[in-house]
Amino acid sequence: MQMKVTNQFDVSELSFEDFKQIVLNDYRICYESRQASILGRKEVLTGKAKFGIFGDGKEVAQIAMAKAFKKGDWRSGYYRDQTFMFAAGMATITEFFSQLYANSDLEAEPFSGGRQMNAHFATRILNQDGTWKNQTEMKITSSDISTTGGQMARLVGLAQASKFYRNNPDLSFLKDFSINGNEVAFGTIGNGSTSEGVFFEAINAAGVLQIPLAISIWDDSYAISVPQEYQTTKQDISEVLRGFQRDEKGEGLEIFKVRGWDYPGLCETYEKAINICREQHIPVMIHVWEVTQPQGHSSSGSHERYKSQERLSWEAEYDCLLQMRKWVLQSAVATEEELEELEGQARTYVKECQKAAWDAFHNILIQEAKEAAALLKAFNREEFNDLAKPLEVNAEVTRRDVFVALRKAIRSLANESSEAKNNLLNWYQKHWDLNQERYNSKLFTDSVEAPRTVPVIPAQYGDDAKLIDGREILNACFDENFSRDIRIVAFGEDVGSIGDVNQGFAGLQAKHGKIRVSDTGIRESTIIGQGIGLALRGLRPIAEIQYLDYLLYALYVVSDDLACLSYRTKGGQKSPLIIRTRGHRLEGIWHSGSPMSMILGSMRGIHVCVPRNMTQAAGMYNTLLRSDEPAIVIENLNGYRLKERLPSNAGEFTVPLGVAEVIKEGTDITVVSYGSTLRVVEEAVPELERLGINIEIVDPQTLHPFDLNGECAKSLKKTNKLLVVDEDVPGGASAFIFQQILENQRGYYHLDSAPKTISAKEHRPPYGTDGDYFTKPSVDDIVEMIYEMMNEANPGKYPKWY
């Protein structure tokens, strides 16, 4: 049944027939969504899908939310919002089932290409070449993540972008991203997740910033099995947040509370709340309570195990679908017969969608399995026929089944040569490559604006080039870029008024304005979230984390959201955020960390830049600000006041990412280091030369990507000895560097002695000069380790010291 769709509930000028069509269309969408939940759970329990999590019980509230959602608006939600997506026209039920089955075809499953669980939605906001689509012509959802409160951080940035577009007329040329900042960022979260710190960070930030953020809380009184009494003070999150309620000064949020089964009340509340949010840029919170969850938390368990019979009886009576049905009948909008006919049509429609999704997914697997089986049977061997048989008869065959069989066969054909073997290998390689694209591609968007496309421009120096503090070179770089590109904004703790704690932004707020260079509160999670959201909406943010150690307080946002954004949308979304921070050598446990292995292990999908000085850092910023992939730049804490020559093209010269640099040539041993320790290695050179040792120093400059041209292995081929020096814990970043050089670059074949590492100690660095000396690599450590390696090679020339 196709009915007229409207985005308003104002019935003052509607005929009864139009009103009836609106209501019945809403009920139809709710009913279809419920049937999708019920059928989806069955598909999991019968084994056709791996896991299911559904939005049953929240249908009516999400219908109301969808009515207020317009083109250009953004959603940042969690995995219960299927009804909203159907009602807003941002997802179809067939696509919903395609994701449940993990269909890797983007035509069938455009949200993630089968990479995410069901109900994890994302709008494809990029063209095939990675350039932006016109966001003002789309209803958009940022890519969902399974961390139940993680969407809150990015929500702040998505809403703040509207404020930038409304309050900065210089951005008016970006017509594909905003229409005068009229866009609202809609967030959704479950009541249990409001206990998380990121929720309170984001709510506080929204109140401070006064941005068009609308957060809906779906409150079903539980967080899986944990009831409200263990979750929330007073068992009522809107009561807890009353202190945020907007006051007579106009500061704070507007807070609304409405029952999840009250269809007219929900429609009225959302219309009122979103109008305030959109027109006045005031954040709003809609606390939707008395929500039910008819099928429990997920397909992994039953809620009957932890809910009382009284609660279950109440949920059965106050199921929003049942209550809406009663309201329709009591209001004489439709008859029982009309509703039964609609419901029958809806059940049929959902079943047809499910079947279409399964057939599209399943038929190609069956075809691949049949082709593989035929290739195996062509050998006319009993053992290969046994491998082929399950591929022919298994009704739910997977690609894993196919490749397990083929790889087993290939291993037994090592000493054979035949046409059948060639055919098998050709098919195998073709489909292996296809599966790499299906399951392993798009760690980076790799668009036409990727960092690799930025021309390499060397730093230029005039005869009168000034010798200045490194911080001043950064300052000149940022100043020129802010003048060049109006989209660039920077923010963080102490960034605005004082120009950051190390003066890289000194004077830039006064020159470029508080809108573009601004302070934030101490809220690392939402600092990163602001950056993600702003970058998704076409701006070029630099989000500052004051010290590298503090990245821990934002790591889950960086890792769960930013780093995997391109991958989990299969290139459908990008967020070219630059995270600026500083670390390595200084004083004390909390300000001198070098947790590079933490970064390398949790932030794949982000360029990791480790410049040895501020000139190299400036060149990296120049590259990143002209490209469209996320990065973290880790500046050296003890390098801001070291003297460097000022390039005449401070805002234009570029340092390519992934290109290592040999900064000193030598013949005896290859030393690979980066950042602050590289300077320590350089300081060791004079003493080593007095000892007759000539080292070659390689600076990878970025750890991800690492030395794409293989400079480390080229050096190792000449010296045959390798020492890696870094400030991470033993076996941290040095292990990663070893893997890259010895395995990826095949440097193992050039060694004539065991490779060595010098790292920091296992514990955090203590306070004081002596603490630094005895816990981090020193000149003495480097000299003695290199001498020891030379002693092993030539003990006659280099006798032992100890």
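**Helix pairs and buried spots**

Reply: Let's start with α4 and α12, which are oblique to each other. Bear in mind that this is a predicted model.

Me: At roughly what angle do the axes of α4 and α12 cross?
Reply: Helix α4 spans residues 93-100 and helix α12 spans residues 336-377, and their axes come within 8 Å. The pair counts as oblique, and the crossing is right-handed. The angle is roughly 45°.

Me: How many charged residues are there in the contact of α4 with α12?
Reply: From α4, Ile93, Thr94, Phe97 and Ser98 meet a set in α12 that includes Tyr349, Val350 and Cys353. The residues of this contact divide into seven nonpolar and three polar. That leaves the charged class, and the count there is no charged residues.

Me: Are α16 and α22 roughly parallel or roughly antiparallel to each other?
Reply: The axes of α16 (residues 470-484) and α22 (residues 614-624) come within 8 Å and cross at roughly 15°. Angles under 35 degrees count as roughly parallel. So α16 and α22 are roughly parallel.

Me: Which hand does the crossing of α16 and α22 have, and how many nonpolar residues are in their contact?
Reply: The crossing is right-handed. On the α16 side, the residues involved include Ile473, Leu474 and Phe478, and they meet α22 residues, among them Met614, Ala617 and Tyr621. The contact of α16 with α22 has four polar residues and one charged, while the nonpolar ones number eight.

Me: Which residues does the UniProt annotation "domain: Transketolase-like pyrimidine-binding" cover, and how far apart are the end C-alpha atoms of residues 468-642?
Reply: The annotation comes from an unreviewed UniProt entry and covers residues 468-642. In the model, that span is 37% helix and 17% strand. Its end C-alpha atoms lie apart by 8 Å.

Me: Is Ser441 buried or exposed?
Reply: Ser441 is in the loop between α15 (419-440) and β9 (467-469). Leaving aside residues up to four places away in sequence, Ser441 touches Arg115, Gln436, Tyr567 and Lys570. Buried means under 20% relative accessible area. Ser441 has 16% relative accessibility, so it counts as buried.

Me: How many residues of helix α2 are buried?
Reply: Helix α2 covers residues 59-68. Its buried residues include Glu59 and Lys67, as well as Val60, Ile63 and Met65.

Terms used: Residues numbered from 1 in each chain as written. Predicted model: local features only at pLDDT ≥ 70, side-chain atom pairs only at ≥ 80, totals over all residues. Heavy atoms only, no water. Helix = DSSP H or I, 4+ residues; strand = E, 2+ residues; numbered from the N terminus. Buried < 20%, exposed > 50% of the residue type's maximum accessible area, 1.4 Å probe, protein only. Contact = heavy atoms within 4.5 Å. Axes fitted to C-alpha atoms, helices over the stretch in contact; angles between N-to-C directions. Parallel < 35°, antiparallel > 145°, perpendicular 65-115°, else oblique. Left-handed = near helix turned anticlockwise from the far one by under 90°. Nonpolar A, V, L, I, M, F, W, Y, C, P; charged D, E, K, R; others polar. UniProt positions renumbered as here; feature names shortened; annotations may be inferred.
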